[in-house]
Amino acid sequence: MTLFRLKPLLAATAICAALVTPVATYAEDLVIGQTFLASGLDPAEGSNGWAVVSHGIAEQLFQVSRDGEVVPNLAASAVQNADSSWLVELAADRFFSDGTPVTAAAVAEALNRTGAANPSARATAGRMVFSAVDEDTLRVDTEQPTSILPSILAEWAFPVYRLEGEEIIFTGPFAVEAFEPGGSIEMVPNAHYAGAADRPNVTLRRIGDGQSLALAFASGEVDMAFHLPVETLPMLAGIEGEAKSFPVAYQYMMWMNTRAGALADVRVRRAIDLVVNRADLVTAVQAGVPATGAFARSYPFAATEDLPHDPEEAGALLDAAGWQLGEDGMRRRDGVALELVLYAFPQRPDLLTFQPVLRGALAEIGISVRTQVTENPNDVATRGAFDLLLWAQHTAPAGDPGQFLSLFFETGAARNYTGWSNADYDALIAELRAESDPQARIALARDAQEMIAAQAPVSFLVTPEWHVGLSPALAGYEPWGSDYYVIRPDLRVAE
Amino acid sequence: MSATQTLQDIGRLALSWLAVCAAAFVLLRLMPGDPVEVFLAHVNIQSGPDIAAEYRAQWGLDRSIGAQFLRWLLGFVTLDWGVSFETGRSVAAEFSARLPYSMAIGFGGMALAVCLGFMLGFYAAHRHGGWADRGSRLLAVAGQTLPAFAVGLVLLWVLGVQLRWINAFGGGALERILLPTLLVAFFSIGSIARLTRAGFMEVKTSPYYRTALAKGRSEIAALWHHGFAAGGLTLIAGLAPELAWIVGGTATAEIVFGVPGLSERVVQAVNQRDYAVLQPYIALVAIWIMLVLNGGRMLRKFWDPRLV
């Protein structure tokens, strides 16, 4: 009787076992899990350009190196003409994945198409017109004069491609074999890219939730998990493979509204900047390094000195500004308490973690802080409806410091959220804008950061770290470049 | 039902749908967060107001809200649903690619829940206080109290990581929707079982059930024979609202198990303030809810004409 009842159960189990495929083992074909995936392959649409470069499918004329420098990729060089136009020389022996050589005419056709359709391609220098001078030389005319065309061409909006009917063909180390939007991309090595024989087939799979991604890595279903929430790392400690952490350029900072009230006084802003203990912030979020300025330390134009932490000096500055410490531990001036509102937004959970740490630090010098959370930080920032506002920003996505230092700090600039205005700074940025020599630009960018630190319209806090799970098959692969270059030509199966 | 009344019903439904769409259109725009600013921040474009204005014009957000609504409505009824702000892809194409996943998970999960829940409810009514009764109560409470996200992660941990019975992310289509379907079913079995039980229990107090027992039929046979219709009717009444939310109700399962379904896409669209995706989705869900609720009512009337 018991056996009779067991038979259907065993049959059902056997059917279920037959329906599921065998559990994955590490093989020469790699599976990469990411929390994001290209929603399409046409760089003229949405943010596809960013995704196809990040996935190793496409390349730009220039790219940002691991050291944060703009270096040639499909281009060999770029020189500016006397009339402000540019000539870009293409690198030799570069091919699309169908074997067609990369020519100036093909590049011009693609980038003109993208420029016409995608406003993001017009963000830095306005509309750019590309024309082929000869087979290997490209002329670029920009709507707004620029001294940093290579950096602009390293922006995500400018991958090179070729249209073959409806199909889009790229030049990256991997070519798309099959694409399920929102789900996965099957990629094979681009046979016309140097070193193709050493590269594996790659399945790129989107797993939107970080916790699920960590479990997929723990189960051995993915060879790379990009990127993992910090709280999942202890769970992965015992499994095969490793979790690597690397700094990313999405700097955490705190805007200070300089328009009115206590924060209009530079001494109060400096005091706040001095009382911030960046090491405590790093401890609170369990990852990252204290910021030295506007840029992650990997960039050549990053500030090199640690930002000071000096509560005593902070107290002295507040005394000098007339904010006296009362018996209740609160600072007051003319009977008015020094109270500030600190905003953060939940889209960046680390910023919420910072709030109580900062509130505690400011309380030490007698500043009362009320913390608030907003779902709409852009609106709060644009309206200037804050005292202190925690923020996350990739400050040099194309390997150049000029855009961030200008757009967020120049007098009246579109994203000058703090309302800060300084004529010397404006003059310095004008000089930076005109300067084309890389070394001179580095020096100017550092000067600009020193001016910002002295006036403190912002307090740069932490350069965060992201965490990537790598199976033994990818031992030795080094993640870098934030989420801009996740899959690169050096992706190989470890021996 | 006369033709006039049918036309009146259809007209009433169409007006309701229009009102829902219009209200949703306004409410979406009242949500905090400008889609252009959200997009620019998301893709890390450092630009001035001119680029934002270009996107606003490209996405039709520079027109009055009335003009935007009329344009959307005309597009929707002519099946031109526009393109997603975020991806630039055709919304209709995105929906058609993703809907099969959501439907498979939603309907698969609900079908499983109905089959298991109905039988569990029947046995719960048959043996008051027995294992089925206690089990169904436990499942109903669990379905109401446990967070779906956590249950999904536990399923992954046990079946995928510890036992390694299943490739939740990399397997074939069936394997990929198996766990999400189980998750959806898990959260409905208990409530369906309790609903069904209530229908069967009502029959147990009826004279015809007692007569059947007096005639010598076994308890279980009499309950099944005489209670099936009552249990089914109760289930349909309770199931219609659950089915109404099946499109979109599978978001948690899709997110946890990385299934590229429609519900997961809608969650992304909410985060991105992608009105172009949200508006047709709401319009479709409104149509679906009307169909399900009215379909359920008609089915019950068909099954038991005494119901008005």
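Axes are lines fitted to C-alpha atoms, for helices over the stretch in contact, and angles run from 0 to 180 degrees between N-to-C directions. The structure is a predicted model, in which local features need pLDDT of at least 70 and side-chain atom pairs count only at pLDDT 80 or more, while totals for chains, interfaces and linings use all residues. Residues are numbered from 1 along each chain as its sequence is written, and chains are lettered from A and ligands numbered from 1 in the order in which they are written.

Chain A contains 13 helices and 24 strands (DSSP runs numbered from the N terminus, helices being H or I of at least four residues and strands E of at least two). Its radius of gyration, taken over C-alpha atoms, is 26 Å, which agrees with the value near 23 Å that a compact globule of 495 residues would have (the rule is 2.2 Å times the number of residues to the power 0.38). The C-alpha trace of chain A spans about 85 × 85 × 35 Å along its principal axes. Of the 495 residues in chain A, 51% are buried (20 or more other C-beta atoms within 10 Å of the residue's own; exposed means 12 or fewer, and partly exposed lies in between, with C-beta atoms placed from the backbone). Among contacts in chain A between residues at least 6 apart in sequence, 67% join residues at least 24 apart (a contact requires C-beta atoms, placed from the backbone, within 7 Å).

One open sheet of chain A has 7 strands in the order β10-β11-β12-β1-β13-β24-β14, with mixed pairing (two strands pair if DSSP finds at least two bridges between them). Strands β10 (174-180) and β14 (242-247) of chain A each have a single partner strand, so one side of each is left without a neighbour in the sheet. The twist from one strand to the next averages 20 degrees. β10(A) and β11 (residues 184-189) of chain A run antiparallel and are joined by 6 bridges; Ala178(A) has Glu186(A) in β11(A) as its bridge partner. Helix α5 (residues 210-218) of chain A lies across β1 (30-34), β13 (224-226) and β24 (465-470) of chain A, at about 170 degrees to β13(A).

A further open sheet of chain A has 4 strands, ordered β4-β5-β7-β6, with antiparallel pairing. Its edge strands, β4 (75-80) and β6 (128-134) of chain A, each pair on one side only. β4(A) is joined to β5 (residues 86-90) of chain A by 5 bridges, and Val79(A) stands opposite Leu87(A) in β5(A).

Between the chains, 44 residues of chain B are in contact with 43 residues of chain A. The side of chain B that touches chain A has 19 nonpolar, 14 polar and 11 charged residues (Ala, Val, Leu, Ile, Met, Phe, Trp, Tyr, Cys and Pro count as nonpolar, Asp, Glu, Lys and Arg as charged, and the others, Gly among them, as polar).

Within chain B, the axes of helices α5 (residues 91-126) and α12 (residues 262-272) come within 7 Å and cross at roughly 125 degrees. α5(B) and α12(B) are therefore oblique to each other (angles under 35 degrees count as roughly parallel, over 145 as roughly antiparallel, 65 to 115 as roughly perpendicular and the rest as oblique). Arg265(B) belongs to α12 of chain B and counts as buried because it has 29 C-beta neighbours inside 10 Å. Leaving aside neighbours within four places in sequence, Arg265(B) is in contact with Gly182(A), Glu94(B), Arg98(B) and Val277(B).

Key: Contact = placed C-beta atoms within 7 Å.
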